[in-house]
Every structure is written in structure tokens, then in C-alpha cells.
Amino acid sequence: MSAVVSAADVRRSRVRLFIVTMLFLVTTVNYADRATLSIAGPALSKELHLDPVAMGWIFSAFGWSYVVAQVPGGWLLDRYGSRLVYAFSIIVWSLFTMMQGWVGFLSAGAAITVLFALRLLVGVAEAPSFPANARIVAAWFPGNERGTASAFFNSGQYFATVIFAPLMGWIAHDYGWRYVFFVMGGLGVIMGLVWIKTVYGPKEHPGINEAEFDYIKEGGALVDLDAPKDDLRHERAPEAGSGWDHIRQLLSNRMMLGVYLGQYCINTLTYFFLTWFPVYLVKERGLSILQAGFVATLPALCGFIGGVLGGIISDAILRKTGSLTMARKIPIVGGMLLSMSIIACNYVDGQALVVGFMALAFFGKGIGALGWAVVSDTSPKEAGGVSGGLFNTFGNLSSISTPIVIGYILAATGSFNGALVFVGANALVAAFAYLVIVGKIERVVLKRSS
């Protein structure tokens, strides 16, 4: 009997590994496009005569529209499926990224207005991306691999800086900040075309064999998630309910509210890194823009390593204990407490120590960034896109608040000290949310609407 099982294991295809690699690559490009403004920011702000408050508002433009478009983006995913909506999203956000390079040819006032508008449009276009990631992981991965898969694609946000921050810093230094947008936008369009040619659901993918399909389905993968709606109408009819009713039920769930608060605080660290961190290195620590691009890679690399390690640790705890709650909470709480080391940067002078504490903080943040695994674990099967969109709405409110709050702190104090305390305090609140509010982690079962 064991020989039969072993033979089945050998025959099993590994298409899901290709799928999560594509999610990782797209997420890397996604975050690189978000970070274009932070790399171009010092030169752009000097050319357009922008003060810290104005830069804070421009940094936040992406977040306003990204947050507002989350739930509609999730609805589009539930209605039309992840593959096509995601492909459209990638290509459109990349075109808007390219267009940002042209604002330098406008007068200062017009350039600020157009740049703000283009950042808003990038936010709308990117809105379906992470809910789609969560849906695809839920469809392709059994429960005991979901933490690692989610952590792997999510670690693309750090890898984006490892790969693209030096590249964008070099482009900005040698060719001018406009070309940062042209190059990254063009790369995104190519990625969108590759996506549409290679990514399918488990039931439609030409490369998956029966052994892998049975393995992921028996392990809890929601293989029908992106099946044609006509095929599932008879299955979903008894559970039918409006999207607003699904949202109401999710918002009345204490576990989900704790998860939402935790993600908001975790993303505060993300958006400090994506917006003000290069400016911190240039303005507070005296680096050139080229040096800042390279220095930013070490914390990002540590975040990437922590992100992959957090998923591995989480799934190992799950296999050992059988407790999903312990498996997700231990890395999240531990990682967030470690992230508070960012505050130590206020008490050291040497650049090596500053980078070291930043690296330690983002290593912890990487370990704790398991929110999307929790979404894949908890989302109701009939509202996976809406659930992911709602989660990302709350999480990315920090994309609005973080750059603005830090901009005002800088304007009021002339220093980043208060900003780093603000970021570290958010890490503490995230740990509290998972320890005290979340409770048991389990899949939400929606009640039938009356």
C-alpha cells in the first residue's frame, strides 16, 4: 500500500508551484510600481518645489483610491474570476505608471495635479491584486501549504526593493527620475501579457494531472472558486445572499475585526518603507539617492527572508499541533514585537547600526506578515473576493494615513524620530489585536439571508 502512495506522490504534477511563483513575480512588480514615487521622490520634489506635507499627500494618493476600490475589485473577482480581472489590472496599472513619467514636462501646478490623479488611477487599477492572490492560493493550495504559499507571494513586496530599488536608484541618478516610471511601467505590461498566457484555475490548467488535483482538493483547496458561474449555480443557490449582506456579516465577526485592525497596523510598516524610507535615508542620514537605493536592499532582503520563513514556521506549527490559531498567531505576534526595534534607530548614529535595526525590524515584519494566509483560511467560499477586498480595505487605510501623518510629524518637528515611534507603536497594536481580539482562527460560515 505504501508503494502505491509513494508512486502517486511521484506522479503528482507541481503546477501549483508555478502558480505561486507567478503570484510572487506579479507582486514583486506590483510593489516596485508602488515604490517608483519614493525612489523618484527626492529629485521630483526638488524639481517641483514640494514640501514634506505636499509630498505626504501625493504619496497618499495611491492609498485613497486603492482603499475605495477594494470591495468593488473583490466583487469583480467573484463575478468574472481571478485570471482575466488580474490580467486587466496588471496592464492598466502599468500604463498609468508609465504616464507618470510625463508629468515633469508640465508646469509645477499642473504636474502636481496630474501626478496626484495618476497615482489615484494606479490605486484603482491595483485594487483587485491582493484579493486575487488570496483567491488563487485558496483555489490551488491545500490548507497545510497555504501559509507558506501566502508568505511566499507576499514576500514579493520585499524582493521588489531588493531587485528594483538599486535599479530605480541607478536610473534616477544616471537618466533622470522620469525614466523610473517609463521602465517600470513597460515591465508591468510585459508581465500582464505573460500572465494571461500562463495562469489558469485548477480545473482549466492544461498542466495539472489528476493526482495533483485530487491532492489539493482533498487538502481543502477551493478548486471550484473560479469555475464558470453556471456550473456552480445549483451549489450556491441555497447560500445566496447579497454582497452587502456578506459584508455586514463579516463586519460583525469579532475574529475578522481583529484581523482587520492587525493588518492596518502591519501595513503601516509597509507604507513607511514604500514612501518615506528612501527620503529618510537621504534627508536624515545624508545618503545620495543612488546610495539610498542600494542601502534599502538590506532591510528589504531581511524582510523577504523573514516573509518566507514566517510561512514555513506557520505551516510547520500547523502540522505539529493541528492548531490553525497557534500556527498563525505565534509568527504574527512574535514578528510584530521584533518589528518594534525600528524605534532603536532614534538612539544610534552610525549608518551601519541604523541599517541593522531597520533590517531587524523588517525581518520581524516579514515573519509576521501572514495576514493573507489568514484571509485564505477564513474567507467564506461564496465571498472570497469580497472578503479579501474588505480585509485589504482596512489594511490599506494605512496607505493613506501613514504618509500623511509622517509628513505632518516632519513638518512639525523637522525630524524622523517621532515618525519611527509612530511606526513602532503600530507594530505593538498589531500584536495586541491578534493576542486579544482575534480569538480562534477558522473559516467564516455565512448565514443564509432571510
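The expected span here is 1.5 Å times one less than the number of residues. Helices are DSSP runs of H or I with at least four residues, strands are runs of E with at least two, and both are numbered from the N terminus.

Before going on, a word on what you're looking at. This is a predicted model, where local features need pLDDT of at least 70 and side-chain atom pairs count only at pLDDT 80 or more, while totals for chains, interfaces and linings use all residues. Residues are numbered from 1 along each chain as its sequence is written, and side-chain values use heavy atoms, with hydrogens and water left out.

Back to α8: is it mostly covered or mostly open? It's mostly covered, with 9 of its 12 residues buried. "Buried" means under 20% relative accessible area, "exposed" means over 50%, and "partly exposed" is in between (1.4 Å probe, protein chains only). Among the buried residues of α8 are Glu145, Arg146, Phe153 and Asn154.

Contact means heavy atoms within 4.5 Å. Arg16 counts as buried because its relative accessibility is 5%. Gln351 is another story: it lies 335 residues from Arg16 along the chain, and their C-alpha atoms are separated by 42 Å.

Now try Thr275, which you'll find in helix α14 (residues 254-284). Thr275 counts as buried too, at 5% relative accessibility. What does Thr275 touch, not counting residues up to four places away in sequence? The answer is Ser38, Phe59 and Pro403. Thr36 is 239 residues from Thr275 in sequence, yet the two are 9.2 Å apart in space, C-alpha to C-alpha.

Gly220 sits in a loop, between α11 (210-218) and α12 (229-236). With a relative accessible area of 31%, Gly220 is partly exposed. Gly220 and Asp377 are 157 residues apart in sequence, but 9.8 Å apart in space from C-alpha to C-alpha.

Helix α5 (residues 82-99) has 18 residues and reaches 26 Å from its first C-alpha to its last, close to the 26 Å expected. Its buried residues include Tyr86, Ile90, Trp93 and Phe96. Cys302 and Ala430 are 128 residues apart in sequence and 20 Å apart in space, C-alpha to C-alpha.

Now zoom out to the whole chain. It has 22 helices and 0 strands. Its radius of gyration, 21 Å, is close to the 22 Å that the globule rule gives for 450 residues, so the chain is as compact as a globular protein of that length. That radius is taken over C-alpha atoms, and the rule is 2.2 Å times the number of residues to the power 0.38. Along its principal axes, the C-alpha trace spans about 65 × 50 × 40 Å.

Buried residues make up 58% of the 450 residues. Of the contacts with a separation of 6 or more, 83% come from residues 24 or more positions apart.
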